[in-house]
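Student: Could you take me closely through the sheet in this structure, with the criteria behind each term spelled out as you go?

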Amino acid sequence: DRKHAIEAAIVRIMKARREMSHQKLMLETIKQLMPHFKPDPKFIKKRVEDLIQREYLERDENQPNTYKYVA
């Protein structure tokens, strides 16, 4: 299921980096998933929002365009 592949890639990236801008996270996620399939940026954004709701990620209070790894 691509949903799980995208979420796993996002969590792997954020676990390693701890903090990242939206644009860099999108590019890194697409780069990691390209050998398997071409992910839709809208779907990646949806997965990021879901991970925020489930408290794996959070938005930076000072920079709303930056995410922090929580879990």
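Tutor: Strand 2 and strand 3 form a hairpin, with six residues between them; strands here are DSSP runs of E of at least two residues, and helices are runs of H or I of at least four residues, both numbered from the N terminus. The model is a predicted one, in which local features need pLDDT of at least 70 and side-chain atom pairs count only at pLDDT 80 or more, while totals for chains, interfaces and linings use all residues. Residues are numbered from 1 along each chain as its sequence is written, and side-chain values use heavy atoms, with hydrogens and water left out.

L57 has Y69 of strand 3 as its bridge partner. Strand 3 (residues 66-69) also pairs with strand 1 (residues 19-21), again in the antiparallel sense and over three bridges; here M20 stands opposite Y67, and E19 has K68 as its bridge partner.

Taken together, the three strands make an open antiparallel sheet in the order 1-3-2. Strand 1 and strand 2 are at the edges, each with a single partner strand, so one side of each lacks a neighbour in the sheet. From one strand to the next, the twist averages 30°.

Two helices pack on this sheet: helix 2 touches strand 1 and strand 3, its direction making about 95° with that of strand 1, and helix 3 touches strand 2 and strand 3, its direction making about 100° with that of strand 2. These angles run from 0 to 180 degrees between N-to-C directions, the axes being lines fitted to C-alpha atoms, for helices over the stretch in contact.

As for the side chains, L25 is in contact (heavy atoms within 4.5 Å) with I10, I13, M14, M20, V48 and Y67, leaving aside its neighbours within four places in sequence.

Methods: Two strands pair if DSSP finds at least two bridges between them.
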